[in-house]
Amino acid sequence: MFEPVIAPSGTLLGLLQRGRGDGTLHALAAPRAEALAALDHCVVNDPRQDWQVENRSLYYARLYLDLHGGLDTVEEHLFGADDHVDTDECRTGLALSVLGHLASYGRRDALLLLRRYTATGSNWAWALDELALRDDDTALRGLADAVLARFPAGPEGDAELAAAVRDAYEPRPWRLWGEDPRDSVGGRVRAAREQGSFDRWQRQMRPTGPRPGWSVQAVFDWAQQGLERGSVLHLPAARCLTAVAGPDDRQLIVEAARSGPDGARCAALHYLAEGRDPAVLDLIEAAASSPSATVAEAAVAAFERMCGEAAVDRARGWVHRPDALGTSAGGVLASRGGEKDAPLVLGSLRQAVRTDGPDARSLYPLVDGAGRLGIVCAAPVLRHVYRETASSELRGRTARALAATDPTFATGFAVECLWDCEETTREIAALHAETGDVRVAERLRRLAADPVEEDEVQTAVRSRIGGPDVPTA
């Protein structure tokens, strides 16, 4: 999947791609044709950096409802020729999820598209999961023949069917089809369910893959062999060392962490970091400057997993380093430092934004730390990250930090956050938005009565405006 191209944050398309609450507000104020074109673009060109942790589907579905938008563009996207060429679920997953939410709101055209795509589309399993949550038993039973036709009778087709049944996210359709009296439907599905259960049991009883011998050197050899095969085994090897290493093995492990082969060195660093060995911080510092990127990355990862005051104290000395260890040290101080570390965390936050931009992964702990430590003078930087980041996950973290640091949050960003794509961000807004604003009162009433809204958001809303039976405005 190609990286999405994100429009500037000041444009309607850029706001909708980011899932910002202002995107909805601007779309409702824009010419309807322009707003629908931008919305369609977002749905058929998934703008998320990571679709597994960022939400957009409910946000876009609600906007289709508010704009009374048709689904012609979505239909063309799902049933075009590309569906038979590019079968990656990322191409169609967002569109299918949007249709699922629209079906929950009673849009029959969305429900019919999901049924049709389940019968003919390449990402049929996703569409079936959406229907499993929303469609009636009769309609689901009617899809059995079309779905089972994808698995020709015979050993290969039966094995693929067993895998599909075993890996289904929503089991309801398969249970219904298993009740079908026809052997070609019910018989096949029941056999596939039994085979899937047997396969799962077999994998649990007979784990595959190489395993290390029961000595420290054998574990090191195993880690090195894995690295040479392209398998990163640092963490499992460190856990194995915990099981096999004794006090007499410490010197061997320290030497491996100092100058061993890359696989052994990485495993040793993780093992010593987990045990808070007194020598490990010096070893990490040396390894972080290694010409081997594998060793340097493992050293930083081992440091980030460390707890205790010794690691925090060393982070204070490393935070000014212009490398990955310095960046990591800023994150450690943000996560585990005290009030006296606030200036260092603020400096790291500013440096990360200047150097790597508003989407840098290093910003996540720094933003959280700014909120945790209540760094009021971080608010201008946080507001910049909030506006510019393309990640709705990072924006939600930033909103939480702003709630703790920015006295204008309740009357500013908290208002637009009530329309945000992330439920955690809407929850923050519901707790903080100034209810004297007429838009806030109206939005809170709508969220409280929305049957599709998340429970946590509705709980937060009702804590502000009253009991469970809040009438719509």
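Rings of Phe, Tyr and Trp, the last represented by its six-membered ring, pair if their centres lie within 6.5 Å. Planes under 30 degrees apart count as stacked, over 60 as edge-to-face and the rest as tilted. The model examined here is predicted.

**Exercise 1.** Determine how the rings of Trp51 and Trp126 are arranged, and where the two residues lie.

Solution. The structure holds 8 aromatic pairs. In the pair of Trp51 and Trp126, the ring centres are 5.6 Å apart and the planes stand at 45 degrees, so the pair is tilted. Trp51 belongs to the loop between helix H3 (32-44) and helix H4 (57-67), whereas Trp126 is in helix H8 (residues 124-134). The two are 75 residues apart, and the pair links distant parts of the chain. As to accessibility, Trp51 has a relative accessible area of 29% and is partly exposed. Trp126, at 16% relative accessibility, counts as buried because the limit is under 20%.

**Exercise 2.** Classify the pair formed by Trp124 and Phe151, and name the aromatic cluster that contains both residues.

Solution. The ring centres of Trp124 and Phe151 are 5.9 Å apart, and their planes are at 75 degrees, so the pair is edge-to-face. Trp124 is in helix H8, while Phe151 is in the loop between helix H10 (144-148) and helix H11 (155-167). With 27 residues separating them, this pair also links distant parts of the chain. Trp124 and Phe151 are both buried. Together with Trp174 and Trp177, they form one aromatic cluster.

**Exercise 3.** Identify the rings over which Arg116 and Arg361 are placed.

Solution. Arg116 lies over the face of Phe79, at 3.8 Å from the ring centre. For Arg361, the charged end sits over the ring of Tyr364, 4.0 Å from the centre of that ring.

**Exercise 4.** Is His77 buried or exposed, and which residues does it contact beyond four places in sequence?

Solution. His77 is placed in helix H5 (residues 72-79). Its relative accessibility is 14%, so His77 counts as buried. Leaving aside neighbours within four places in sequence, His77 is in contact with Val44, Arg91, Thr92 and Ala95.

**Exercise 5.** State the overall confidence of the model and describe residues 468-473 in terms of pLDDT and contacts.

Solution. The protein has a mean pLDDT of 91, and 94% of its residues reach 70 or more. Over residues 468-473, pLDDT stays under 50. For this segment the model has 9 contacts beyond four places in sequence.

Methods
Residues are numbered from 1 along each chain as its sequence is written. This is a predicted model: local features need pLDDT of at least 70, side-chain atom pairs count only at pLDDT 80 or more; totals for chains, interfaces and linings use all residues. Side-chain values use heavy atoms; hydrogens and water are left out. Helices (H or I, at least four residues) and strands (E, at least two) are DSSP runs, numbered from the N terminus. Buried means under 20% relative accessible area, exposed over 50%, partly exposed in between (1.4 Å probe, protein chains only). Contact means heavy atoms within 4.5 Å. pLDDT is the predictor's confidence in each residue, from 0 to 100. A charge sits over a ring if NZ of Lys or CZ of Arg is within 6 Å of the ring centre and within 35 degrees of the ring normal.
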